[in-house]
Amino acid sequence: MCGIVGYVGQRPAREILLAGLEKLEYRGYDSAGVSVLTDGEIASVRAVGNLSKLREAVAHGSAGADPHESDPPVAVAVAELEHPATGIGHTRWATHGRVTESNAHPHFDTSDRVHVVVNGIVENYLVLKQRMTDLGAAYTSETDAEVIAHLISHHMDRAGSLVDAVCAAYGELEGHYAFVAMSADEPGTLVGARKECPLVVGRGDGEQFFGSDVTAFLAYTRDVQFVQSGEIVVLRPDGVEFLTPDGAAVTREITRVDWDQATAEKGGYETFMLKEIHEQADAVAETVADRTIRPDGVDLAAAELDEALLQNIDRILIVAAGTSFHAGLIGRYAIEEWARIPVEMDIASEWRYRNPIVSERELVIGITQSGQTADTLASMRLARERGARVLACTNVVGSEATREADGVLYTRAGPEVSVAATKTFVCQVAAMYLLALRLAELRGTMEPARIAELVAEIKQLPSRINETVERLEAPVKATAERHAGSNFYMYLGRHVGRAVALEGALKLKEISYIATDAYAGGEMKHGPIALLDESTPVISVATDMPILDKMISNIQEVRVRGAHVIAIATEGDRRLEPVAEEVISIPRTDWMLQALLAVIPLQLFAYYVARKRGLNVDQPRNLAKTVTVE
């Protein structure tokens with residue numbers, strides 16, 4: 001979710017880059033940097049913190065002079081430009097590497113000839129890094145992104161041009177990413193490439209722009225070309241070329257966008273929440289990609305936990321709050337099922353005051369999207385004081401949770417603007433799956449073939465999330481709008497489905513302000529069934545799990561009380577049709593992994609109920625994104 005901007009043309013490049021980064025800052029704000037090509041040399045400045053820190057560094061002269069700075073911001077014929085302005089910029093949401101100036105972008109090769117800005121993850125960077133190191137490359141960062149600069153430089157020595165070098169490098173890179181490169185040898189030229197992560201071109205008169213989205217250059221042009229995955233794009237002041245990686249020309253139409261700034265920041269979606277629901281496939285891909293490179297297991301070495309300890313722990317405790325608690329609950333089921341370790345789950349604000357019993361042979365996992373949740377942090381501190389090892393699962397590099405833990409498992413969802421968590425939740429669940437599999441591998445509780453099967457299924461989750469959103473959005477919207485007038489909802493689930501029901505109910509409460517309860521299906525007869533009548537929609541999570549028959553029996557009990565049943569089922573499973581008025585089917589995958597997919601229609605349902613009621617889903621009343629007090 002980092003932000004990329006690039007510019008070639010006649011205006012002051014440095015100011016164009018800084019202004020563009022300010023519009024992209026919602027994509028990342030850990031660090032930022034710009035590189036500007038002047039008189040055959042690239043001057044670069046980077047800074048830790050938000051864009052104001054970078055502006056301060058630039059103001060102190062760290063970025064070098066820009067000969068175009070005195071030029072008026074008016075169109076100039078390309079023929080009049082002796083040295084077109086050329087530059088790239090980046091605002092970072094850290095994934096690989098700490099939040100430091102050396103890890104900020106742009107990155108460069110050993111000779112400082114090639115600079116790059118990168119969004120995404122290079123899965124095979126370790127192999128490429130070793131190869132480039134053997135050839136003499138000197139690395140200055142901890143990131144996976146830097147390898148792209150060295151790889152392009154290596155190919156320039158052979159291919160001659162920046163375009164050919166980028167095409168050659170693209171053929172060797174694995175992962176999902178977008179990057180823009182420039183070379184001191186080729187002023188007035190930028191080359192970008194996209195594999196899944198977003199990249200957009202802005203077309204101007206005698207100037208061209210790159211951006212992670214339209215906001216980067218909306219102040220200068222509304223004419224855009226959308227780069228498709230698998231394309232290489234060459235920007236020069238007088239035009240743009242689209243190429244395949246083998247150099248064949250591609251035609252892309254120019255589209256004029258009529259978005260205002262607010263709409264552009266939302267990527268054309270009506271709200272940030274809807275945009276973030278649609279970003280979930282990319283977010284999960286970021287979370288799992290380089291950790292599932294091995295087909296036979298999971299690599300969590302970056303979490304820096306003592307794996308000998310993990311092999312011998314007696315128990316795990318998960319502490320969290322709100323949505324993070326529900327992600328931890330799914331994690332509990334996965335860890336107990338796969339790794340056969342007993343897991344206790346508790347609300348952080350309760351556990352910290354229980355005078356809890358922990359030992360040195362226990363692992364305490366604190367799950368907090370922001371890394372700043374007060375009760376979760378206090379629980380993590382207490383656990384460490386009493387001798388337990390602590391693992392933080394968080395989305396924010398350098399947050400307080402990372403300093404209170406012995407190890408960190410990052411979720412890599414990128415910034416989430418909407419108060420109601422969506423993509424951070426699915427990334428937390430994905431991270432818990434990875435941890436559960438790694439524990440099973442270390443402790444020998446699963447056959448290698450079964451681990452390999454689950455790794456393959458986890459790698460398919462991003463495509464199945466995409467399928468779920470694209471196929472179900474319209475029918476779920478229709479269902480939500482039919483029931484938007486209801487004043488009470490019941491959510492039911494069993495086993496891992498209970499956690500999904502709890503999260504679905506929370507989403508509806510948060511953004512629609514409708515009274516909603518969620519229960520384990522087997523608890524219905526112990527009181528909640530008294531709440532049901534013909535006006536009650538009951539949303540039942542009934543995916544293809546080992547106890548589905550029990551869940552179907554609970555649904556039948558609900559049905560005979562007259563309630564309207566909306567069932568979340570698995571594609572191809574016809575058992576729900578006789579007992580539910582409406583069946584919403586998610587793609588088939590391993591039954592444990594279905595929990596991650598099953599929550600998506602519930603997010604969409606809550607969203608469209610709230611929108612039908614005319615509510616502000618991004619900023620629901622009385623709620624804050626991060627709870628930093630008790």
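Helix α15 of this predicted model spans residues 448-459. Its twelve residues reach 17 Å from the first C-alpha to the last, close to the 16 Å expected at 1.5 Å a residue. Within α15, the residues I451, L454, V455 and I458 are buried. These four cover an arc of only 105° around the axis, which puts them on the same side of α15.

In strand β12 (residues 231-236), five of the six residues are buried, so the strand is largely enclosed by the rest of the structure. Strand β12 has pairing partners that can be named. With β8 it pairs in the antiparallel sense over five bridges, and in this pairing G192 has V233 of β12 as its bridge partner. With strand β13 (residues 239-243), β12 likewise pairs in the antiparallel sense, over five bridges. Here L235 has V240 of β13 as its bridge partner.

Side chains of opposite charge can pair when their charged atoms come close. The structure holds 41 salt bridges, and three of them are followed here in detail.

One of these salt bridges joins the side chains of E15 and R55, with an N to O distance of 2.8 Å. E15 lies in helix α1 (residues 13-24) and R55 in helix α2 (residues 51-59), so the pair ties together parts that are 40 residues apart in sequence. Both partners fall in the intermediate class of accessibility: E15 is partly exposed at 34% relative accessibility, and R55 is partly exposed with a relative accessible area of 28%.

Another salt bridge is formed by the side chains of R113 and D185, at 3.5 Å from N to O. This pair links distant parts of the chain, 72 residues apart, and each partner lies in a loop. R113 belongs to the loop between β5 (107-108) and β6 (114-122), whereas D185 belongs to the loop between β7 (175-183) and β8 (190-195). D185, at 48% relative accessibility, counts as partly exposed.

A further salt bridge connects R381 with E404, the closest N and O atoms being 2.9 Å apart. Here a helix is linked to a loop: R381 is in helix α12 (residues 374-385), and E404 is in the loop between α13 (400-403) and β20 (407-410), 23 residues apart. In this pair the arginine R381 is partly exposed, with a relative accessible area of 29%, while E404 is buried, with a relative accessible area of 17%. Beyond such pairs, salt bridges that share partners join R294, D296, E307, R438 and E441 into one network.

Notes. Residues numbered from 1 in each chain as written. Predicted model: local features only at pLDDT ≥ 70, side-chain atom pairs only at ≥ 80, totals over all residues. Heavy atoms only, no water. Salt bridge = Lys/Arg side-chain N within 4 Å of Asp/Glu carboxyl O. Helix = DSSP H or I, 4+ residues; strand = E, 2+ residues; numbered from the N terminus. Buried < 20%, exposed > 50% of the residue type's maximum accessible area, 1.4 Å probe, protein only. Pairing = 2+ DSSP bridges. Expected span 1.5 Å × (residues − 1). Arc of directions from axis to C-beta.
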